Amino acid sequence: MKYSILVIFLILLSSCKEDIATPEVSIEEDVAFLADDALEGRQTGTVGEQKAAEYIAKRFQDLGLHAKGTDGFFQTFSFKPKTDPHQEVNYTVKDGDSTITGTNVIAYIDNQAENTVIIGAHYDHLGYGAEGSLYRGERAIHNGADDNASGVAVLLNLAKRLMKGNINNNYLFITFSGEEMGLLGSNYFVKNPTIDTKKANYMINMDMVGRLKKDSTLAVYGVGTSPIFKQTLKANNNRFKLVQKESGVGPSDHTSFYNADIPVLHFFTGQHEDYHKPSDDTERLHFNGMQVISNYIYEIISDLDNNGKLPFRKTKNESEDVPRFKVGLGVIPDYLYDGKGMRIDGISEDKPAQKAGLQRGDVVVKLGDIEVIDMTTYMIGLSKFEEGDTTKVVVERDGKTVEAEISF
């Protein structure tokens, strides 16, 4: 990425405040700023994260939203990082203290309503390759265009539209930091809310919504957390192939709100080979698809506008039934696949799957003696093996059955 986009925004910010970040700013422009190299990957507690927070706050302000943090639009939280904060990361620390400060950015539309809808997306990422990076090359910026500049851009698009309609709820917009380090920002907010969370109607989360595929598959998690969600999703869908997951628990910020007994919906366009790598950059996003997703979420919000406070329902945590496993194939599963088996969406270099000749698009249907029906049975299969074991794997490829030997 070039620095030119950031330079243009900063010049406008300092010299023409009325023109920067107007309501006409596009989804693509928001992503371009947040995923620019100059923000150095927006790792929590860094200068780049603070630049992103300031940009988002300015966008909220120019859209006409009210500040709802503890310090204007900002809500800070502190934590001790797992790694030395002075080593190769441009953390903002004070007087040698190793405590890191992250920042949530929070805005509000006050419609004088009884209940509040919460709309969230995390804006932090992995900097130059923090824990969680899947990149093994030279030190490089992880811009996180899909993860999760995409979700923030859609959130800002929704904020602009909700200023003009759907007045039977208030709206709280939160861009979280610390998500990549363990849902830190959302967890902190739920424990230190700036609204009465007993009046929280439901929460919508967007994390990685920038890669809508040609078949228009969209995953929605948390559909079981309120009885009305499934019918609402179906009634407003004339575009997507929906993959619906009941559970309100998952690896993103909606989990923090589900754990506080708030109904949640989490939108996701799927994992890909650029996930947690420097190649997750702006030019690889599908901006038309992001607008379509924003339209769909807006229609869902509109449909629910007259429904009052939604009932909350506990869901089964599917991960609790999955045993721990010590080995892996070295693949990225296609989490949007809803057929029989586990479809491979990416292959890691020099891992068991690549060495066995497996390919992207293969559908694993058997691992050892375990029939692979879905992700759960795939992980159950993995749990049977330890490092050094060898077994057979059966995949379906282009209508044919292929068997290979896997060594862990």
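What percentage of the 408 residues in the protein chain is made up of buried residues? In this predicted model, buried residues account for 54% of the chain. The fold comprises 10 helices and 15 strands. Of the contacts between residues at least 6 apart in sequence, 75% join residues at least 24 apart. The accessible surface of the protein chain amounts to about 18200 Å², and carbon and sulfur atoms contribute 46% of that area.

Helix α4 spans residues 145-162 and contains 18 residues. The distance from its first C-alpha to its last is 24 Å, close to the 26 Å expected at 1.5 Å a residue. With buried taken as under 20% relative accessible area, 16 of the 18 residues of α4 are buried, so the helix is largely enclosed by the rest of the structure.

The lining residues are Gln 50, Ala 53, Glu 54, Thr 70, Asp 71, Phe 74, Gln 75, Thr 76, Thr 101 and Thr 103. By class, six of the lining residues are polar, two are charged and two are nonpolar.

Note on methods. Residues numbered from 1 in each chain as written. Predicted model: local features only at pLDDT ≥ 70, side-chain atom pairs only at ≥ 80, totals over all residues. Heavy atoms only, no water. 1 Å grid on protein atoms, 1.4 Å probe; cavity = no way out; pocket = protein on both sides within 12 Å on 5 of 7 lines; lining within 4 Å. Nonpolar A, V, L, I, M, F, W, Y, C, P; charged D, E, K, R; others polar. Helix = DSSP H or I, 4+ residues; strand = E, 2+ residues; numbered from the N terminus. Expected span 1.5 Å × (residues − 1). Buried < 20%, exposed > 50% of the residue type's maximum accessible area, 1.4 Å probe, protein only. Contact = heavy atoms within 4.5 Å. Areas by Shrake-Rupley, 256 points an atom, 1.4 Å probe, with all protein chains shown as cover.
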